[in-house]
Amino acid sequence: MMRYVYTFGLLVFLLFLSCKNGKRETINDDAKTEVKPKDISELSYQEIFYLLHEENEYGIDYHGEVFGQDASKKVSLINLDPNGCGNGVALQSTEGEMTIKTAVKVTFNFPGNPAKEIHRLYTVKPKETIPVGNSKLCYNGSEYIIQREVVSAGYKEET
């Protein structure tokens, strides 16, 4: 019995040594590769979208027809405090009881870039203020004005 324990122990030890000796060396390359940002003219529609919006500002992509102006006097775009690059922009509802569906047109002019606008759909609950982006885009050492306007605002039908 002792012989089996000794043999087993020896096998475990040899296995440990073979794993340790077979360990690959890793080369630690501390040289950092600097990634140069794309020129503003080279950005895709999707890249622009993600530069203009934080995750809580996405809304829904909107390509549909407008759904009226019934609620247009109850929702507006407001400026928030400066945040490093322009002001934050939010949709604010003054409606006390009903939820409002709001289509927002985002326009910009990035030299050489064919993309000029994005349309987003937001749902704003009564008396709610939701962020929708910034008044400027700071990118690669330049600042670009971002304009937003409510193009349609209607009451959401409750089901």
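The legends below describe close-up views of a predicted model.

View 1. Read along the sequence, the elements of the protein chain follow the pattern α-α-β-β-β-β-β-β-β-β-β. The chain has 159 residues, and buried residues make up 28% of them. Among contacts between residues at least 6 apart in sequence, 70% join residues at least 24 apart.

**View 2. An open sheet of four strands, in the order β1-β5-β4-β9.** The pairing in this sheet is antiparallel. Strands β1 (60-61) and β9 (147-155) are the edge strands, and each pairs on one side only. Strand β4, residues 100-107, runs antiparallel to β9, and eight bridges join the two. Thr-102 has Ala-153 in β9 as its bridge partner. Helix α2 (residues 45-52) packs on the sheet and touches β1, β4, β5 and β9. The direction of α2 makes about 45 degrees with that of β5.

**View 3. The buried residues of helix α2.** Ile-48, Phe-49 and Leu-52 are buried in α2. These residues lie on the same side of α2, because they cover an arc of only 105 degrees around the axis. An α-helix has 3.6 residues a turn, so residues three or four places apart point the same way. The cover over the buried residues of α2 includes β4, β5, β6, β7 and β9.

**View 4. The disulfide between Cys-85 and Cys-138.** The structure holds one disulfide. The sulfur atoms of Cys-85 and Cys-138 are 1.9 Å apart. The link is right-handed, with 95 degrees about the S-S bond. This pair links distant parts of the chain, 53 residues apart. Cys-85 is in the loop between β2 (75-82) and β3 (87-93), whereas Cys-138 is in strand β7 (residues 136-139). Are the two cysteines buried or partly exposed? Cys-85 has a relative accessibility of 11%, so Cys-85 counts as buried. Cys-138 has a relative accessible area of 37% and is therefore partly exposed.

**View 5. The salt bridge between Lys-38 and Glu-47.** The structure holds three salt bridges. In the one shown here, the side chains of Glu-47 and Lys-38 meet at 2.8 Å, N to O. Glu-47 is partly exposed, with a relative accessible area of 28%. Lys-38 is also partly exposed, and its relative accessible area is 38%.

**View 6. The salt bridge between Lys-105 and Glu-117.** The closest N and O atoms of Lys-105 and Glu-117 are 3.8 Å apart. Lys-105 is in strand β4 and Glu-117 in strand β5, and the pair links distant parts of the chain, twelve residues apart. Glu-117 counts as partly exposed at 36% relative accessibility.

**View 7. The salt bridge between Lys-136 and Glu-143.** The side chains of Lys-136 and Glu-143 meet at 3.0 Å, N to O. At 28% relative accessibility, Lys-136 is partly exposed. Glu-143 counts as exposed, because its relative accessibility is 52% and exposed means over 50%.

**View 8. Lys-127, a residue with a positive phi.** Where in the chain is Lys-127? Lys-127 sits in the loop between β5 (117-124) and β6 (129-134). Phi of Lys-127 is about 60 degrees, although the residue is not a glycine. The relative accessible area of Lys-127 is 59%, so Lys-127 is exposed.

**View 9. Asn-140, another residue with a positive phi.** Asn-140 is in the loop between β7 and β8 (142-145). The phi of Asn-140 is near 50 degrees, a positive value in a residue other than glycine.

Note on methods: Residues are numbered from 1 along each chain as its sequence is written. This is a predicted model: local features need pLDDT of at least 70, side-chain atom pairs count only at pLDDT 80 or more; totals for chains, interfaces and linings use all residues. Side-chain values use heavy atoms; hydrogens and water are left out. A disulfide is a pair of cysteine sulfur atoms within 2.5 Å. Buried means under 20% relative accessible area, exposed over 50%, partly exposed in between (1.4 Å probe, protein chains only). Two strands pair if DSSP finds at least two bridges between them. Contact means heavy atoms within 4.5 Å. Axes are lines fitted to C-alpha atoms, for helices over the stretch in contact, and angles run from 0 to 180 degrees between N-to-C directions. A salt bridge is a side-chain nitrogen of Lys or Arg within 4 Å of a carboxyl oxygen of Asp or Glu. The arc is that of the directions from the helix axis to the C-beta atoms.
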